[in-house]
Amino acid sequence: MEAPDRNLALDLVRVTEAAALASARWLGKGDKNAGDGAAVDAMRLCFDSINIQGVIVIGEGEKDEAPMLFNGESVGSGTGPAMDVAVDPVEGTRLLAYGRPNAISVVGCAPKGSMFDPGPSFYMQKLVVPSQAKDAVDLDAPVQDNLLGIAKALDKDVDDLVVFVLDKPRHSKLIADIRATGARIQLHTDGDVAGSLMALDPKDMVDVMMGTGGTPEGVLSACAIRAVGGQMLARLDPQSEEERNNLLDAGFDLKRVLTAEELVSSGDTFFAATGISGGKWLEGVSFSGHGAVTHSLVLRGKTGTVRRIESHHTWDKLMAFSSVKYD
């Protein structure tokens, strides 16, 4: 037995709150890079106050030339534990730019050396299920077999299931196969970290997330899965010949199936997400003339603790010292 120690996720939520507050000013204004850039700047400043020796292993931005916290960048005060860090200052930049639901700010941390480094991989095939169904899925099995197994594990009929899928041309066959089983589908334009978290949340109607999305988002999702249970099966899925050749040149096995435990080898993970544009799963930033309200999810792998935090921010006090100009 041991006394409770510091929960780093409660520091990380300050980082995601700052990014959400800064980027939410760009809601619906049609400029995804401006919203992402505001989140990056706020996130970088807030990391400076956290006592970790952090290195960004999973950054975002290469594939769409957006602002980014770059891979290999050092974050934190330079004291404290050595940590691998995964960030997505705005997961769903287009959702934010067009005022659509489920844009979130996300950070995950794990002990140094425990995060999978995807190198030049941008895209990954994923299958995410809650704990009850973690032994009922096989990434190489037909869609029907997986959905039948998931339904049985969850004590549901197949037509009770809801599957989160990104609405992309590459998923036309997947969508047809899901519909052929009788299962229901939620189609989302972006945001597969949110989709993974919905599949893990027993209060959400989503039961499973399927399809190809971002590789960085896959590792971020694995941080959360390691904290709350469930499973992700994943495989690198290059969407261009250039990406495929870069992966082969770097020595990656494109047939290898990765689990959440292989994407993040340590169970001592920390994860925080704050809503930006809002949605049923995680409310967004609500501004008033004198402040704002944010809603966040905070997870700790060591204890399995799940917290939902509603924070009220007051401009006249916060702006007296903050280097981030939220108002």
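This is a predicted model: local features need pLDDT of at least 70, side-chain atom pairs count only at pLDDT 80 or more; totals for chains, interfaces and linings use all residues.
Asp-155 is placed in the loop that runs between helix H4 (143–153) and strand E6 (162–166), and its phi angle is positive, at about 60 degrees, although the residue is not a glycine.

A positive phi is also found at Asn-102, where the angle is about 80 degrees and the residue is again not a glycine. Asn-102 belongs to the loop between helix H3 (93–97) and strand E4 (104–111). With a relative accessible area of 10%, Asn-102 is buried, since buried means under 20%.

Another loop residue, Glu-73, is found between strand E1 (53–58) and strand E2 (74–75). Its relative accessibility is 9%, and Glu-73 therefore counts as buried. When neighbours within four places in sequence are left aside, the residues in contact with Glu-73 are Arg-44, Gly-54, Val-55 and Ile-56. From Glu-73 to Leu-236 the separation is 163 residues along the sequence, and in space it is 24 Å from C-alpha to C-alpha.

The packing of two helices was examined next. In general, two packed helices are described by the angle between their axes and by the distance between the axes. For helix H6 (residues 192–200) and helix H7 (residues 215–228), the axes come within 9 Å and cross at roughly 20 degrees. H6 is therefore roughly parallel to H7, because angles under 35 degrees are placed in that class. The crossing of the two helices, H6 and H7, is right-handed. On the side of H6, the contact is formed by Asp-192, Val-193, Ser-196, Leu-197 and Leu-200, which meet Glu-217, Leu-220, Ser-221, Ala-224, Ile-225 and Val-228 in H7. Sorted by class, the residues in this contact of H6 with H7 are 7 nonpolar, 2 polar and 2 charged.

For the protein chain as a whole, the secondary structure comprises 10 helices and 14 strands. The C-alpha atoms fill a box of roughly 60 × 50 × 40 Å, taken along the principal axes. The radius of gyration of the chain is 19 Å, which agrees with the value near 20 Å that a compact globule of 327 residues would have. Of the 327 residues, 56% are buried. Among the contacts between residues at least 6 apart in sequence, 70% join residues that are at least 24 apart.

Key:
Residues are numbered from 1 along each chain as its sequence is written. Side-chain values use heavy atoms; hydrogens and water are left out. Axes are lines fitted to C-alpha atoms, for helices over the stretch in contact, and angles run from 0 to 180 degrees between N-to-C directions. Helices (H or I, at least four residues) and strands (E, at least two) are DSSP runs, numbered from the N terminus. Angles under 35 degrees count as roughly parallel, over 145 as roughly antiparallel, 65 to 115 as roughly perpendicular and the rest as oblique. A crossing is left-handed if the near helix is turned anticlockwise from the far one by less than a right angle, and right-handed if clockwise. Contact means heavy atoms within 4.5 Å. Ala, Val, Leu, Ile, Met, Phe, Trp, Tyr, Cys and Pro count as nonpolar, Asp, Glu, Lys and Arg as charged, and the others, Gly among them, as polar. The radius of gyration is taken over C-alpha atoms; the globule rule is 2.2 Å times the number of residues to the power 0.38. Buried means under 20% relative accessible area, exposed over 50%, partly exposed in between (1.4 Å probe, protein chains only).
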